[in-house]
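Please look at the sequence and the structure below before reading on. The text then goes through the metal sites one at a time.

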Amino acid sequence: MDQAASPVVTPATLEVVPLGGLGEFGMNMMAVSWEDTTVLIDAGVMFPDPDQLGVDLIIPDMTYLESRRDRVKALVLTHGHEDHIGAVPHVMPLFDGPVYGTAMTLALVEPKLEEHRIDAGKRLTTIRPRQTVTIGPLSLEFIRVTHSMPDCVAVAITCPVGVVLFTGDFKIDQTPIDGEHFDLHRFAELGAQGVLALFSDSTNIDRKGFTGPEIDVIEAFEEVFTSTEGKLVVAAFSSSVYRMQVLVDLAVQFDRRVAFVGRSMERTSEIAQRLGFLRVPSGVQIRDSEVPNFAGQDVLCIATGSQGEPQAALSRIAIDDHRFVRLGPDDTVVLSARAIPGNEKAIARTMSHVARRGAHVITDSMKHVHVSGHGSEEELKLVLSLVRPRYFVPVHGEYRQLAQHARVARRVLAGGDRSVQVLLAQDGDIIQFDQAGARIADKAPTGRVLIDVTRVGEVGDEVLRDRRHLAADGIVVAVVAISRDTGALAGPPELVARGFVSGDDDAIFDDAAGAIAECIQASSMDERTDQGLMTEKLRVELRRFFKKRTGRRPLVLPVLMEI
Ligand SMILES: [Zn+2]
Ligand SMILES: [Zn+2]
């Protein structure tokens, strides 16, 4: 279609607004609008830094969507990772239309909606790759891509000015564990027909070569299975269904039973088995409560906690505080995940605890026990070559990655009859495509909203913007001084409250201080000297305390000081 030659009838414009995920890692969300129709692509969360106390999740600011409430017609999900679906419960109340996703993606959304008591009715609509749905003037086609979990799609949107292709997250895995291949043919066909704009994943642009298929980890794990005399505990992301399959297959080969340990691991493995994405031969799987009944050498635990999260299974196991799984000198713990930036300290702490139990620790820097789900430079180049878009917008990454992807794209698409134009956009940029071309025209409001999940509401950002929450229940800061050496309480805890009404309950803060003291006393030495873990433990404990005593849920911020 030669845009320049066709007469301009209406000043029709396609507007694409990234509301998250550009210039940061996580909370991916994109609004695509043609006239009165807006379609959202993904609704993800970002996880907070450990120093953002009292915050569980971060979601994109929804101001832009609220301003066009009536126009939002559908939400389209590319795959089931938290940075793409975590904010679905916060977005669904903002519009009435359907939520499209593959079977696996929607199965992972369902429990989130239940937690938020959202009745999805018939809104969740399962789609398959190569299927097309029409939403007003927009036609959406789903195209299979490969990634670190099953059932992922790219989305091609056709509108009167052309085709815009959003890759979603991908790598090009030519030997996928489930046999479902990246639909490179469809990418090439669209490229041959002419693609107006390509929005492509930039996460691993700074890695040379190809990322490598999921089966790449088998060799390293074979060595681990061979050399481990006792129990084997592998920590991974609960969404890493392919990793689970590799491990289950090896467990069968090496005659070990498999226990999925940790709530999200149990849940995802159950969903994946139900949908046929994870195959566990009968008799192989055991419950975590059955682990003590088997000799160490007969057991593989696939556990949560690869990021050192204080409440996750591995963290509990590491400090000898898990109900069923214990570690000893013959055992091996494998971290089969990359460290998300910001989590290094927590991970290192967990690994030290594991070492204290006498167990052996293996990370991806020692053996090839993890492979990324995002394509490296050559894969990203291949997609650029196949699609040959007129405009290219790098997405999903920090600014330096977007900028590097832009440089690579210019090199790949230089020459020929026309060279590509790169739009280096950031969150909130309103990107317009029309007969005259494309440009970043304006800025939509964007930002971050911090969420406290137990409260199911917004906490506000650093200045505690969400006055509703604070006005309703207030905030309680607990300053707790503990001895660096023993982890014992080094003085009475101090509680400061703002906007929190305790009624006539004068003794409440004294009792809360008592609860803190008790909680610390009841904790093991390992727990007490682990600041991150103890902070989280006190937060949970105090929330429970105030809820029970007052029926309110103030925002609780424990501040642990080691002296
Ligand atoms: Zn992602
Ligand atoms: Zn992903």
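Predicted model: local features only at pLDDT ≥ 70, side-chain atom pairs only at ≥ 80, totals over all residues.

Begin with the zinc ion (ligand 2). Its protein donors are His79 (NE2), His81 (ND1), His147 (NE2) and Asp169 (OD), at 2.1 to 2.3 Å from the metal. Along the chain these donors follow the spacing H-x1-H-x65-H-x21-D. The angles subtended by the four donor atoms run from 91 to 162 degrees, so the arrangement around the zinc ion (ligand 2) is irregular; a tetrahedral site would need all angles between 85 and 135 degrees.

Aspartate 169 bridges the zinc ion (ligand 2) and the zinc ion (ligand 1), which lie 3.5 Å apart. Histidine 81 and aspartate 169 link distant parts of the chain, being 88 residues apart. Histidine 81 sits in the loop between strand 5 (72-76) and helix 2 (82-85), and aspartate 169 in the loop between strand 11 (162-166) and helix 5 (184-193). Histidine 81 counts as buried because its relative accessibility is 13%, under the 20% cut-off. Aspartate 169 is also buried, with a relative accessible area of 2%.

Turn now to the zinc ion (ligand 1). Asp83 (OD), His84 (NE2), Asp169 (OD) and His396 (NE2) are its protein donors, lying 2.1 to 2.2 Å from it. Their spacing in sequence is D-H-x84-D-x226-H. Here the four donor atoms subtend angles of 90 to 160 degrees, which makes this arrangement irregular. Aspartate 169 and histidine 396 are 227 residues apart and link distant parts of the chain. Histidine 396 lies in the loop between strand 19 (391-395) and helix 12 (399-412). Both aspartate 169 and histidine 396 are buried.

Notes: Residues numbered from 1 in each chain as written. Chains lettered and ligands numbered in written order. Heavy atoms only, no water. Donors = N, O, S within 2.8 Å, 3.2 Å for Na, K, Ca; no water. Tetrahedral: all angles 85-135°; square planar, octahedral: opposite > 155°, others 65-115°. Helix = DSSP H or I, 4+ residues; strand = E, 2+ residues; numbered from the N terminus. Buried < 20%, exposed > 50% of the residue type's maximum accessible area, 1.4 Å probe, protein only.
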